[in-house]
Amino acid sequence: MSRNMILRDHVRAGILDVAASVLAERGASVSMTDIAQAAGVARATLYRYFPNRDALLYALYEAALADMTERLADARLDSVPIEEAVARMTRATIAATGRYRALGLFEKTPREARRMERQLAAPLQAVFERGVASGAFRCDLPVHTLAELYFSLLEGVVSRVIRHRLSVEEASASATTLFLSGALAPPEPPPPSSPSPSPSSPSPSPSSR
């Protein structure tokens with residue numbers, strides 16, 4: 001790879017990182033001008049890399065999907081107990097805070113939605129299914145309800161990380177603890193104790209005979 005290509009890839013990656021952060025903080029109303037200013041490049045430079053906003057969002061979606069897929073694969077969720085799997089997948093998601101939020105901004109085609117389902121949602125869904133099947137998670141909530149509650153909680157802590165109110169470590173620990181406190185099956189009550197045998201009547205003493 002030539003030096004110019006390396007430099008171009010470096011600039012492109014830097015723009016995407018900045019775009020992810022700006023979009024996560026300010027939402028979908030961010031313009032290409034806002035992104036160029038935040039990245040410290042001219043608008044013309046930004047448009048050389050991404051000819052329009054849709055092209056930038058698609059590139060960001062691809063980068064986010066690749067990043068999250070790699071993080072979840074590295075977490076090896078199926079090789080650890082349920083509680084550790086929840087902790088790992090929570091940290092993997094929150095560590096990619098800006099890109100995780102950016103995934104929701106891209107308007108996906110049905111094919112792209114299925115791809116995202118296969119690469120991101122399926123590994124997380126498998127953790128919930130394993131938790132219910134093994135008895136680690138409570139049985140009165142269906143898997144899809146557990147998943148909805150988890151992602152709602154995740155969205156809340158991700159927002160606090162974006163606003164710099166929680167660190168990644170603090171947010172990951174809080175989300176994991178809160179989710180598990182409601183999702184884990186309650187401990188089984190101890191078996192009832194056997195009734196104590198009634199004391200036998202004392203034998204009459206010789207003096208009472």
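Colleague: Which residues touch the most other members of the largest nonpolar core?

Modeller: This is a predicted model, in which local features need pLDDT of at least 70 and side-chain atom pairs count only at pLDDT 80 or more, while totals for chains, interfaces and linings use all residues. Residues are numbered from 1 along each chain as its sequence is written, and side-chain values use heavy atoms, with hydrogens and water left out. A nonpolar core is a set of buried Ala, Val, Leu, Ile, Met, Phe, Trp, Tyr and Cys residues joined through side-chain atoms within 4.5 Å, where buried means under 20% relative accessible area, exposed over 50% and partly exposed in between (1.4 Å probe, protein chains only). Of the 34 residues in the largest such core, those with the most contacts to other members are Val86, Met89, Ile94, Phe128, Phe137 and Phe179.

Colleague: Which helix supplies the largest share of this core?

Modeller: Helices (H or I, at least four residues) and strands (E, at least two) are DSSP runs, numbered from the N terminus. At least two core residues come from each of helix H4 (53-75), helix H5 (82-95), H7, helix H8 (143-162) and helix H9 (168-183). The largest share, 9 residues, belongs to H8.

Colleague: Which residues does Phe128 touch, leaving aside those up to four places away in sequence?

Modeller: Phe128 is one of the buried residues of H7. Contact means heavy atoms within 4.5 Å. With neighbours up to four places away left out, the residues that Phe128 touches are Met89, Phe137, Val143, Ala147, Tyr150 and Phe179.

Colleague: How many residues make up the second, separate core?

Modeller: Among its members are Val22, Met32, Leu46 and Ala59. The size of this second core is 18 residues.

Colleague: Where does helix H7 bend?

Modeller: The bend at a residue is the angle between axes fitted to the seven residues ending there and the seven starting there. In H7 (residues 110-134) this angle is about 45°, and a proline, Pro123, follows the bend within four residues. Gly135, with a positive phi near 85°, comes after the helix. The bend itself is at Ala121.

Colleague: Are H4 and H5 roughly parallel or roughly antiparallel?

Modeller: Two packed helices are described by the angle between their axes and the distance between the axes; axes are lines fitted to C-alpha atoms, for helices over the stretch in contact, and angles run from 0 to 180 degrees between N-to-C directions. Angles under 35 degrees count as roughly parallel, over 145 as roughly antiparallel, 65 to 115 as roughly perpendicular and the rest as oblique. The axes of H4 and H5 cross at roughly 155° and come within 9 Å. H4 and H5 are therefore roughly antiparallel.

Colleague: Is the crossing of H4 and H5 left-handed or right-handed?

Modeller: A crossing is left-handed if the near helix is turned anticlockwise from the far one by less than a right angle, and right-handed if clockwise. Here Met68, Arg71, Leu72 and Ala75 in H4 meet Arg88, Met89, Ala92, Thr93 and Ala95 in H5. The crossing of H4 and H5 is right-handed.

Colleague: How do H5 and H9 lie to each other, oblique or roughly parallel?

Modeller: Residues of H5 including Val86 and Ile94 meet residues of H9 including Ala175 and Phe179. The axes of H5 and H9 are 9 Å apart at an angle of about 140°, and their crossing is right-handed. The orientation of H5 and H9 is therefore oblique.

Colleague: Why does Arg76 count as exposed?

Modeller: Arg76 lies in the loop between H4 and H5 and has a positive phi of about 50° although it is not a glycine. Most residues other than glycine have a negative phi. Arg76 counts as exposed because its relative accessibility is 53%.

Colleague: What is the phi of His164?

Modeller: His164 sits in the loop between H8 and H9, and it counts as exposed because its relative accessibility is 67%. Its phi is positive, in a residue other than glycine, with a value near 60°.

Colleague: How far apart in space are Leu141 and Ala183, C-alpha to C-alpha?

Modeller: Leu141 is in the loop between H7 and H8 and, at 22% relative accessibility, is partly exposed. Leu141 and Ala183 are 42 residues apart in sequence. In space, C-alpha to C-alpha, they are separated by 8.5 Å.
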